[in-house]
Amino acid sequence: MEGKQSEVVLTGTWGSSYCKRVELALKLKGIPYEYVEEDLANKSELLLHHNPVHKKVSDLVHKGKAIVELLVVLEYIDDHWNNSPKLLPIDPYRRSKFRFWANFYDQRTKEGTSSIIMSKGEAQEKAIEDMIEWNQERFLGKLPFDDQNLELLDIIVSTNACNYQAFNEAVAVVMSLEKTPPEFFSWVNALKGQPLIKDTLPPHDKLVAKMKRKFIQSI
Ligand SMILES: N[C@@H](CCC(=O)N[C@@H](CS)C(=O)NCC(=O)O)C(=O)O
């Protein structure tokens, strides 16, 4: 804990979409920060001290105080560094929509991904279809998103969906984002092309190797 003098410190792991989200938010806002890579197999004193409840990354330490849980961290960043670009809208109703969809996206992605990994043959095809189908719900829900600026939902979705080729390669399936509604697919590809996102996403080959290790462990 001694020696961490920076005003903003992010503890993370390179392959975690949670950490990439916080990194993206900090970069978008132009906030200087120190990044500390965590070994989750041997958690640091810093992580255990700042996040004693969940003991998970990503946590942000601002002036020695810890802020934990991804969505709480992102809202904190947006509230404290109130400059543009804003990650969340000002209007309470639109804010509630953003929160809803951020949660929805994460829950469904987690469930969908583990169903795909844990199944085989027809069951796996069904899991893939389900995953594709719920992306449509997003559009039925008429999620308001802004084409011009990167906001909360771009951060949430990009750090996950932009890695779809790595996922396909690692699991040896074609989740085929191409089959999702064209709006979703083109949104993800537009996000992939954003220089800030490109620079922040983990390297493809390293990510494939990590995913393969993780998936083999979970089968
Ligand atoms: N609900 C947490 C989830 C964070 C999370 O799952 N972090 C993973 C890395 S992606 C972790 O630290 N895992 C270590 C562990 O479970 O012991 C959040 O929103 O920040």
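Leaving aside neighbours within four places in sequence, Lys29 is in contact (heavy atoms within 4.5 Å) with Ile77, Asp78, Trp81, Asn82, Asn83, Pro85, Lys86 and Leu87. This is a predicted model, where local features need pLDDT of at least 70, side-chain atom pairs count only at pLDDT 80 or more, and totals for chains, interfaces and linings use all residues. Residues are numbered from 1 along each chain as its sequence is written, and side-chain values use heavy atoms, with hydrogens and water left out.

Lys29 belongs to helix H1 (residues 17-29). Helices here are DSSP runs (H or I, at least four residues), numbered from the N terminus. The Lys29 side chain reaches the backbone oxygen of Asn83 at 2.7 Å.

| Residue | Relative accessible area |
|---|---|
| Lys29 | 6% |
| Cys19 | 0% |
| Cys162 | 5% |

The structure holds 0 disulfides (pairs of cysteine sulfur atoms within 2.5 Å).

Now the core. A nonpolar core is a set of buried Ala, Val, Leu, Ile, Met, Phe, Trp, Tyr and Cys residues joined through side-chain atoms within 4.5 Å. The largest one has 53 residues. Val22, Leu26, Leu60, Ile77, Ile116 and Leu152 have the most contacts inside it. Helix H4 (residues 92-118) gives the most to this core, with 7 residues. The core lies between domain 1 (8-80) and domain 2 (92-217), because both give residues to it. The domain bounds come from an automatic or database domain assignment.

Not counting residues up to four places away in sequence, Leu152 touches Leu74, Leu87, Leu88, Phe98 and Ala102.

Conventions: Helix = DSSP H or I, 4+ residues; strand = E, 2+ residues; numbered from the N terminus. Buried < 20%, exposed > 50% of the residue type's maximum accessible area, 1.4 Å probe, protein only. Polar contact = N/O pair within 3.5 Å; in protein donor to acceptor, adjacent residues only side chain to side chain.
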